[in-house]
Amino acid sequence: MVFAYALFKTATDGMILHRRLRELGVKDDICPTPRHLADSCGISLRFDAIAAGAVREEAGRLGIPIELVVQRP
Amino acid sequence: MADYHKMWEGLGMDLATHDQLCAALPPAFEQVFLTQKDRPQGMDYFNMVIAEVHGLRIQELLDHKARGGKIIGSFCIYVPEEIVLALDGIMVGLCAGSEFWVPAGEQVLPRNLCPLIKAGIGAKVSRTCPYFQSVDLVVGENTCDGKKKAWEVLGDIAPTYVMDLPNTKTAAGFALFRKSMADLVAKLEEVTGNRLTFDGLLSAIETVDRKRAVLQRLYETRKAPKVPISGLDMLLASQVAFYDDASRFISQAAALAEECEERIKSGKTVFPEGTKRLLVTGTPIVVPNWKVHKIIETSGAAVVVEENCTGTRYFESRVDMSKASTVEELVDAITHRYFDRIHCACFTPNEGRADDVVRLAREYRADGVVGLNLSFCTTYQVENEKVRKRLQSEGIPFLALETDYASGDEGQLRTRIEAFVESLRD
C-alpha cells in the first residue's frame with residue numbers, strides 16, 4: 001500500500017479531521033509525523049494514498065489547513 | 001505543524017541530537033502499533049499522546065511551572081504521586097526505555113549496568129529529554145545498588161533527592177519507610193512552597209486512586225476468553241499513565257475500558273482463535289520499550305497481563321483512608337499502601353510476588369508465564385529461580401528471558417518465544 005500523510009498546524013485540527021474521516025468511513029491512523037516530512041514533532045494522519053482527494057476535500061470543508069504528502073515506496 | 005524548537009531551546013536541549021531521537025520514533029511507532037488489526041478506537045487518544053510526547057505535554061508542564069507549580073520526576077512506583085499532587089506538583093515518570101540514550105549513560109556509568117538506569121541517566125546527560133529538562137526535582141530511591149549509586153552521578157547534573165527505602169517487610173522496615181515519607185513531605189513542601197493539608201491530600205489520594213481503578217478496569221477486560229485489546233496497546237496506555245494529566249487520562253482510559261467491555265459483549269477480539277495467553281512478569285517496561293511485547297504478539301501469543309511495575313504493581317492496591325482523620329494518618333495510610341502491597345524484588349524475602357504471579361496467572365487464564373528481566377538486574381534475575389520453582393509446583397509453564405533495549409537479540413528472542421508458545425499447544 002502507498003501511504004499518504006496529512007500534516008497539521010495543531011493537534012486539535014488533526015483530531016477533528018480524524019473524527020470526521022471516521023464518520024465518513026475513510027480509514028486513517030493517528031501517528032507521529034515522520035521526521036523527514038516536518039522539522040518538529042506532532043500528529044499526522046496516515047491513510048491509503050487513494051483517499052488523498054477525499055481527505056483534502058473534507059479538510060477544506062472543515063476549514064482545516066493541511067499539507068498532504070504521498071510516501072512513494 | 002506546530003514548531004516546538006523554541007520551547008526545546010528554552011529548556012537547554014541539544015537540538016541536533018534530539019532531532020535524531022525524534023527521527024526514530026515515527027517509523028518505530030508505525031511498525032509496532034499500526035500493523036495491528038482492529039485496534040479499539042479509544043487508542044486514538046494514546047496515539048495522539050505519543051505523537052505529541054515531546055510537544056503538547058511539555059507545553060502543559062511549562063504552563064504549570066509558569067503558574068508557580070513544580071514538576072517532580074521519578075523512576076519508581078514507590079515514590080508517592082499522591083503527595084506530589086497534594087502539593088500542587090505534577091509527577092512525571094522520566095524517560096528510560098530507549099537504546100538511544102544508553103551510549104550517553106555509558107559515558108558516566110559502567111557498561112555492565114541495568115539499561116533502564118543507563119538510559120535514564122543518558123537522557124539527562126545528552127539533554128535530549130524535555131521531561132528531564134523540565135523537572136524541578138528528581139526523586140530517586142535506593143531500591144537497588146545500581147540506582148543507589150547512579151543518583152550520586154545524577155546529583156552532579158540535576159537537582160536530586162533520594163528516598164531511603166527499606167529492604168525488608170518488617171515493623172522496622174515500615175518505620176523506615178514511614179520516616180522516609182515524612183522526610184519527602186518536608187522536602188517537597190520546601191520545593192513547592194506549599195503545605196500539605198488534609199483536604200488537599202484527601203483529594204489527591206482520590207484522584208490517584210481513580211487512575212488506579214480505571215487501569216484495573218481496563219486490565220479486567222483482558223481476562224475475557226476473547227481478548228478485546230492487545231497487550232501492546234494496553235502497555236502503551238499504561239506507559240502514558242505515568243506522565244499524562246491524571247484527570248484527562250482517567251477520562252480517556254474509562255472510554256477505552258467501556259469500548260473494550262462492549263467488545264467483550266459482542267465477542268469482538270483482536271487475536272485469532274487458538275492464540276495462547278501469556279503473563280509477563282519482571283522488570284518494568286517503560287516508554288518507548290515495546291520490543292518483547294511485539295515479538296510475543298507476532299509469535300502466536302497474546303500478553304494478557306503484566307505483573308511488573310508498569311503493570312499490576314502500579315495500580316492493584318488502593319489507599320485505605322477509612323481510619324484517617326489527620327494529615328499524619330493519611331500519610332500512614334499512603335505508606336501502608338506502598339509498603340504492604342507492592343512486591344518488588346528489592347525486598348527480601350519477597351514471597352508475595354510469587355503469590356501474585358500465580359494468582360494473576362489463574363485470574364487471567366494464562367497458558368504460561370514469561371519472566372522478562374533487564375540485563376544486569378541482579379534482584380529480579382536472582383528472584384527468577386524462586387518464581388520458576390513456585391510456577392513449576394503449580395504446573396504453570398515458565399520461560400525466563402533476559403534482554404536490554406538493543407535490537408540485536410530479537411531473532412534469538414523470537415526463536416525462544418515461538419518454541420515456548422509451541423510447547424503450550426495441546
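In the predicted model described here, Asp88(B) is partly exposed, having 16 other C-beta atoms within 10 Å, where a residue counts as buried if 20 or more other C-beta atoms lie within 10 Å of its own, as exposed if 12 or fewer do, and as partly exposed in between, with C-beta atoms placed from the backbone. The phi of Asp88(B) is near 60°, a positive value in a residue other than glycine, and Asp88(B) lies in the loop between α5 (81–86) and β2 (89–93) of chain B; helices (H or I, at least four residues) and strands (E, at least two) are DSSP runs, numbered from the N terminus. Residues are numbered from 1 along each chain as its sequence is written, while chains are lettered from A and ligands numbered from 1 in the order in which they are written. Because this is a predicted model, local features need pLDDT of at least 70 and side-chain atom pairs count only at pLDDT 80 or more, whereas totals for chains, interfaces and linings use all residues.

A positive phi, of about 70°, is also found at Phe376(B), which is not a glycine. Phe376(B) is placed in the loop between β7 (368–374) and α18 (378–394) of chain B, and it is partly exposed, with 18 other C-beta atoms within 10 Å. Two cis peptide bonds can be described alongside these residues: one joins Val287(B) and Pro288(B), with omega about 0°, and another joins Thr348(B) and Pro349(B), with omega about -10°. Pro288(B) belongs to the loop between β5 (276–282) and α14 (291–297) of chain B, and Pro349(B) to the loop between α16 (327–341) and α17 (351–363) of chain B. In general, most residues other than glycine have a negative phi, and most peptide bonds are trans.

When residues up to four places away in sequence are not counted, Leu279(B) touches, among others, Val304(B), Val305(B), Val357(B), Leu360(B) and Tyr364(B).

Chain A contains two helices and four strands, which follow the pattern β-α-β-β-α-β along the sequence. The radius of gyration of chain A is 11 Å, close to the 11 Å that the globule rule gives for 73 residues, so chain A is as compact as a globular protein of that length; the radius is taken over C-alpha atoms, and the rule is 2.2 Å times the number of residues to the power 0.38. Of the 73 residues of chain A, 38% count as buried.

Between the chains, 22 residues of chain B are in contact with 20 residues of chain A, contact requiring C-beta atoms, placed from the backbone, to lie within 7 Å. On the side of chain B that touches chain A, α2 (15–33) and α3 (43–51) each supply at least two residues, and α2(B) gives the most, with seven. The residues of that side divide into 14 nonpolar, four polar and four charged, where Ala, Val, Leu, Ile, Met, Phe, Trp, Tyr, Cys and Pro count as nonpolar, Asp, Glu, Lys and Arg as charged, and the others, Gly among them, as polar. The predictor gives the complex an ipTM of 0.95 and a pTM of 0.97.

How values were computed:
Two residues are in contact if their C-beta atoms, placed from the backbone, lie within 7 Å.
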